[in-house]
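Have a look at the model first.

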Amino acid sequence: MKTFCGRANPTTGSLEWVEEDEDYDYHQEIARSRYADMLHDKDRNMKYYQGIRAAVSRVKGRGEKAIVLDIGTGTGLLSMMAASAGADFCYAVEVFKPMANAAVKIVEKNGFGDKIKVINKHSTEVTVGPDGDMQCRANILVTELFDTELIGEGALPTYEHAHKYLVQEGCEAVPHRATVYVQLVESKRMWSWNKLFPVHVEAEDGEKIIVSPSEMENCPGVPSVCDIQLNQMPSSDFTILSDVVTMFSVDFSKPVRSASTCYRAQLDPVKSGKAQIVLSWWDIDMDPSGTINCTMAPYWVKPMSAFQWRDHWMQCVYFLPKEEQVLQGEKVHLTACRDEYSVWYTLQKAREEDENKADARVESPVCRCQAHLLWNRPRFGELNDQNRTRQYIKSLMSVLRTDSVCLCISDGSLLPVLAHYLGAEQVFTLENSAVSCSVMKKFFKANHLEDKIKIVEARPELLTSSHLEEKKISVLVGEPFFTTSLLPWHNLYFWYARTAVTEHLASDVTVLPQSAALHMMIVEFQDLWRIRSPCGTCEGFDVQTMDDMIKNSLNFRESKEAEPHPLWEYPCKSLSNPQEVLLFDFRKTVPQHCLSTEGSVNLLRKGKSHGAVLWMEYHLTADISVSTGLMQISNEKGNCEWNPHCKQAVYFFSSVIESETLADVPTAVTYAIKFDTKTGEIAMDFKLL
């Protein structure tokens with residue numbers, strides 16, 4: 001069966017109907033699942049196994065039968081651990097049907113078919129009794145329902161229900177408890193992901209400053225957590241203002257409440273500074289005594305020689321509603337509030353605290369300024385990048401004249417303001433969405449430019465001469481940045497928009513950027529390859545059925561596609577020189593024919609060729625470029641420095657996905673890359689020689 005799916009094409013901008021196999025969503029969900037990443041997490045698996053063995057032996061030691069409930073079983077791994085540790089019976093609950101089917105096969109294959117019953121339901125729908133899904137309540141509760149924020153996947157309501165209806169009072173739980181830790185820091189880099197700093201522009205008639213609207217300055221932002229690989233954040237990028245303190249803990253062996261609540265902690269600042277950020281992580285004790293512990297603590301808290309890499313659990317960055325000056329030795333109180341799925345923080349001085357004791361409830365932060373809805377955190381960082389802004393200022397100065405009529409095509413960009421300050425006679429900006437229109441109106445008003453820059457709320461193909469006051473555009477500019485872009489080449493939408501507005505452009509129009517190039521490099525990842533690599537066996541259990549299922553879904557389509565990753569968080573080394581593979585000339589309209597290229601790159605360094613990284617470089621003018629990818633290769637080892645504000649495209653080679661070992665170490669990689677101008681999609685193929 002085929003079905004038609006409507007979607008907006010991020011590159012061409014057109015709404016199109018795509019014929020998809022009815023299993024497309026299912027395959028996509030499996031292909032992009034993180035099951036392999038979790039099964040590669042040896043620390044997690046080992047600790048769970050130790051905790052389960054200990055729980056089963058405690059129950060057996062009391063002379064009871066060990067009946068296990070495993071919620072969110074996935075591959076059935078934790079149930080198999082329990083069965084092999086001597087549990088009498090296990091109920092393994094898995095709501096995602098393809099995974100439940102795989103778990104049945106994996107359990108059978110490992111010889112536990114008579115000990116483990118897989119239940120394909122949400123745990124809140126599981127029934128207990130002679131005719132129910134479970135014969136009786138369980139006395140051991142095993143789960144892995146956690147995300148980076150601990151509670152974001154609905155762990156609390158799931159536990160609450162399980163204690164009421166599915167497990168015995170005083171049951172053993174693995175993990176036994178979770179503890180959330182916090183630390184207060186000052187960090188200009190992280191704060192730049194949440195607030196827009198003033199932008200300084202050196203113009204002919206003196207320095208101009210672009211300021212944020214006051215409602216943006218005072219906006220608490222959005223409540224969603226910022227989860228990152230904090231271990232990739234250099235210590236020079238933040239200043240620690242407090243010791244690590246325990247914020248709250250949850251005992252999973254007792255009834256759990258999911259209702260909204262607040263927690264308080266007193267902090268004694270170890271240094272004076274601006275409190276801007278709360279860094280947070282958690283650990284889990286697998287047993288009541290806390291001897292089997294699995295922690296997400298970053299490198300400066302637990303300096304261990306070998307860190308367990310994991311992508312399914314990272315660390316959290318929370319932005320305080322506003323920055324607060326704290327003084328060393330002057331106590332402050334941190335309040336954490338949570339609902340069923342998320343956590344947020346506020347900070348109070350000790351003396352304010354006493355006055356506000358009654359007012360303990362803090363509402364979940366809501367973005368009032370709309371900028372946090374328009375720009376994600378990397379975009380805030382990009383707009384705050386002064387070096388990048390200087391490149392745009394330099395290039396605009398070289399093309400603008402006093403009679404320039406400028407049109408900007410980008411989502412919520414500061415380029416229209418820069419163009420005005422640098423002397424353009426008239427500036428128009430094309431904003432596609434109501435949100436970007438609203439944000440830009442506030443911006444122009446805050447900088448007294450509401451009558452200087454005209455916002456046109458229209459799609460490029462619907463632009464009319466009257467929108468432009470019957471003027472021809474002499475300078476067309478874009479960053480280019482569009483909120484719908486996921487992969488680097490999606491921002492080529494600028495080229496399609498430029499083509500759509502051709503009739504409104506002067507014959508000698510200047511287009512900035514004048515062109516873009518797709519670049520590519522072969523890399524070896526330190527750890528990122530694990531998210532795609534098959535597991536084979538895990539803690540002695542054969543999970544190849546899951547490997548085959550993921551491989552099948554990848555082959556369905558995904559393995560021939562690149563995926564976006566912020567590579568500043570994922571160290572890799574270059575095995576080849578970076579290479580320009582395709583050029584897109586914005587001075588001309590989008591051609592009717594496809595653009596394609598093929599060739600080969602030599603591998604200069606020894607290493608495992610995990611994949612190709614692709615990114616865009618924009619040539620603003622003949623001699624000024626900005627890169628969305630590689631910034632530099634830092635040493636002989638080939639360590640790479642990536643643009644921290646953009647996601648790069650990663651194409652994993654089949655040798656990662658299929659665990660094939662190459663008998664001969666490849667010396668070169670051939671590539672064939674084709675850009676279909678009708679669909680805006682890039683097809684690519686690589687072969688290791």
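Of the 132 residues in the largest nonpolar core, which touch the most other members? They are Leu69, Met247 and Tyr345. Keep in mind that this is a predicted model, where local features need pLDDT of at least 70, side-chain atom pairs count only at pLDDT 80 or more, and totals for chains, interfaces and linings use all residues. Residues are numbered from 1 along each chain as its sequence is written, and side-chain values use heavy atoms, with hydrogens and water left out.

**Cores**
- A nonpolar core here is a set of buried Ala, Val, Leu, Ile, Met, Phe, Trp, Tyr and Cys residues joined through side-chain atoms within 4.5 Å; buried means under 20% relative accessible area with a 1.4 Å probe, protein chains only.
- Another core, of 96 residues, lies apart from it, with Leu414, Trp495, Val509 and Leu603 among them.
- Beyond its neighbours within four places in sequence, Met247 is in contact (heavy atoms within 4.5 Å) with residues including Val180, Tyr263, Leu334 and Tyr345.

**Helix H6**
- Helices (H or I, at least four residues) and strands (E, at least two) are DSSP runs, numbered from the N terminus.
- Eight of the 11 residues of H6 (residues 155–165) are buried, so the rest of the structure largely encloses this helix.
- Its cover includes strands E3 (67–71), E6 (138–143), E7 (167–174), E13 (245–251) and E18 (332–338).

**Helix H12**
- Buried residues in H12 include Arg388, Tyr392 and Leu396.
- At the start of H12, a side-chain oxygen of Asp385 comes to within 3.1 Å of the backbone nitrogen of Asn387.

Key. Buried means under 20% relative accessible area, exposed over 50%, partly exposed in between (1.4 Å probe, protein chains only). A polar contact is a pair of N or O atoms within 3.5 Å; within protein, one must be able to donate a hydrogen and the other to accept it, and residues adjacent in sequence count only if both atoms are side-chain atoms.
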